[in-house]
Amino acid sequence: MATEGGTMTSPHPHGTSAHGAQDKSRQPSGQAPQHTRPARSVGEHAAAVAALLRPLRSVERTQLLPLQEALGRGLVDDIAAPIDLPPFANSQMDGYAIRSADVPDGGAELRVMPPVPAGASPAALQPGMAAPIMTGAMLPKGADAVVPIERAVPDRFLPYTQQGNGQEAKSGTEQPTVWLPPAAPGTYVREAGSDVRAGALALSAGTFLGPAQLGLLAALGIPEATVHQPITVLLVTTGDEVVPPGRELPAGKIYDSNGTLLAAAMTQAGLRVRRAGIATDNPEALRTLLRTEGGGADLIVTTGGVSKGAYEVVRQAMEGQPVEFLHVAMQPGGPQGIGSFDGRPFLGFPGNPVSCLVSFEMFLRPVLAGLFGAPATRMSLRVLLSQPLTSPEHKHQVRRGTLLPDGTVELQGGESSHLMHALAGSNVLVHVPVGVAALGAGAEVEVWML
C-alpha cells in the first residue's frame, strides 16, 4: 500500500506501550522532536484498511459449499428465488377449509369432506362442504378461507373413519356435519408466494449466512451456496516483557493477554488464525519470524511496537517495507500501522489489550464484514447513559460498558486501555464521537453489542 510519507509522532494516549508496560516510545535524551501532522480520522483509517484488503476479494477466493458447511460465511452473489415460497396456498391453522360464500353472517352447518393432511394433494372442495385441514396442508381448490378448529361446533375434528371406516363416504352414507362461523376470504390462508415470489431477490451478495439465511435457501430447494473463503491471519504479539500464560512470571514481566484476546476475537469472527508465538524486541528476529511463518497467510497482524519512539520493534522490522505508522484520532487505539510486508497485507495494532481489541472491532472486523459478508456486523443500538462521562473532544472515544435490563448503559472502568477486568465485565462498546467533550447521565449514545 502506498504511504502518505513520514510517520506520526503523537504520543500514545496513555503514555504506555504494550500490555501496560513502561512506555518505550519516548524520545531518547537529546533527540530533537519530530514534526507532527493531523491524526487520521476513524473513517479514513477504516477506508485505508478496506483498500488494503480489497484485493483479497477475488473469484479465486470463493468456493461452492453445501449449506451445512456454509454457516458463518459471506454470500458471493445475489440469489433469486427459483420458486414461490410457499409454493402453494396452504393453511395457517388446524381447522376447516371452506368457501367463504357458503357461510352467511350467522354461520352454517356444512358437510365434512375427507381430511387434508400436510403433504397431500386434496380433491377440490365441493359447494356446501368443509374440509378438515392441518397446518401447512395444501388448500383444496375452491376453498378461500380456513376456520380454526376451536371455533367449530363441535370444537374437535370428526375423523372421517367414524362414518366410513377410513374411506370416503359412499353414495347414500350419511356424512358428518360441522357448524362453522363466517370467515372472510384469505382468513388463515398462506397464499403462494406470500413469503417470496419466484424470480424475486431472496438474498443479496454479501449477506452473512446464519441459520435463518441457510434455512431460507433450503426452503427454496437450493442445496449449496457460493461463499467467500475465510481470511487466514498470522497473529504475532511482541515484547521482551511478555510471558506466555502458564509459565513462571519473573519480576518486571507480564503475561501475554493480547494473543489470546485477539485470536479468540478473530476466530469468533470466522478468521483462520495462526499464532507465531511472542516476538522479542529484536527487529531482525521479527523479520525472520514473519517470513518463516507468513507463508500461506492472507494478512499479518501484530500487536505492540507501533508507537512513535526509536525503540519500537515492529516499526524497526518494517524498515524498507511500504508500511505507514500513524496516529488515528481514537481513544484507545490511536497508534496504528498499515501497509504490506513482502507483498502481504499488514496491520499493526497497539500493544495495550483494550487498544488492540478496539482496533480489531473498529477497523478489521467491520471491513471484513463489508468486503466479504462475514463476520456479521455488530448490532448497533441507541441507549441512555446511566452516568456522566468526559471525552477528548478531538478524538472518537470507545468506552466499555454493560447494557442493563432497564435499557441504560453502565460504563465499565475508565479511559485507560489496560483494564482487562473491566473489559471482561462489558457487553457493549460505547461510542463517543469527535466533537463531544462531555455527556451527562441520561444522554443518548450509540453502543455496539459484543
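Reader: What makes helix α4 roughly parallel to helix α7?
Author: In this predicted model, the axes of α4 (residues 258-268) and α7 (residues 353-372) cross at roughly 20 degrees and come within 9 Å. Angles under 35 degrees count as roughly parallel, over 145 as roughly antiparallel, 65 to 115 as roughly perpendicular and the rest as oblique, so α4 is roughly parallel to α7. The crossing of α4 with α7 is right-handed.

Reader: Which residues of α4 and α7 meet?
Author: Contact means heavy atoms within 4.5 Å. From α4, Asn-258, Leu-261, Leu-262, Ala-265 and Met-266 meet Pro-353, Cys-356, Leu-357, Phe-360 and Leu-364 of α7. By class, this contact has nine nonpolar residues, one polar and no charged ones.

Reader: Why is strand β19 called largely enclosed?
Author: Buried means under 20% relative accessible area, exposed over 50%, and partly exposed in between, with a 1.4 Å probe and protein chains only. Seven of the seven residues of β19 (residues 335-341) are buried, so the strand is largely enclosed by the rest of the structure.

Reader: How do you know that β19 pairs with β17 and with β20?
Author: Two strands pair if DSSP finds at least two bridges between them. Five bridges join β17 (residues 323-327) to β19, running antiparallel, and Glu-324 has Ile-338 in β19 as its bridge partner. Five bridges also join β19 to β20 (residues 344-349), again antiparallel, with Gly-337 opposite Gly-348 in β20.

Reader: What residues and confidence do these values rest on?
Author: Residues are numbered from 1 along each chain as its sequence is written, and side-chain values use heavy atoms, leaving out hydrogens and water. Local features need pLDDT of at least 70, side-chain atom pairs count only at pLDDT 80 or more, and totals for chains, interfaces and linings use all residues.

How values were computed:
Axes fitted to C-alpha atoms, helices over the stretch in contact; angles between N-to-C directions. Helix = DSSP H or I, 4+ residues; strand = E, 2+ residues; numbered from the N terminus. Left-handed = near helix turned anticlockwise from the far one by under 90°. Nonpolar A, V, L, I, M, F, W, Y, C, P; charged D, E, K, R; others polar.
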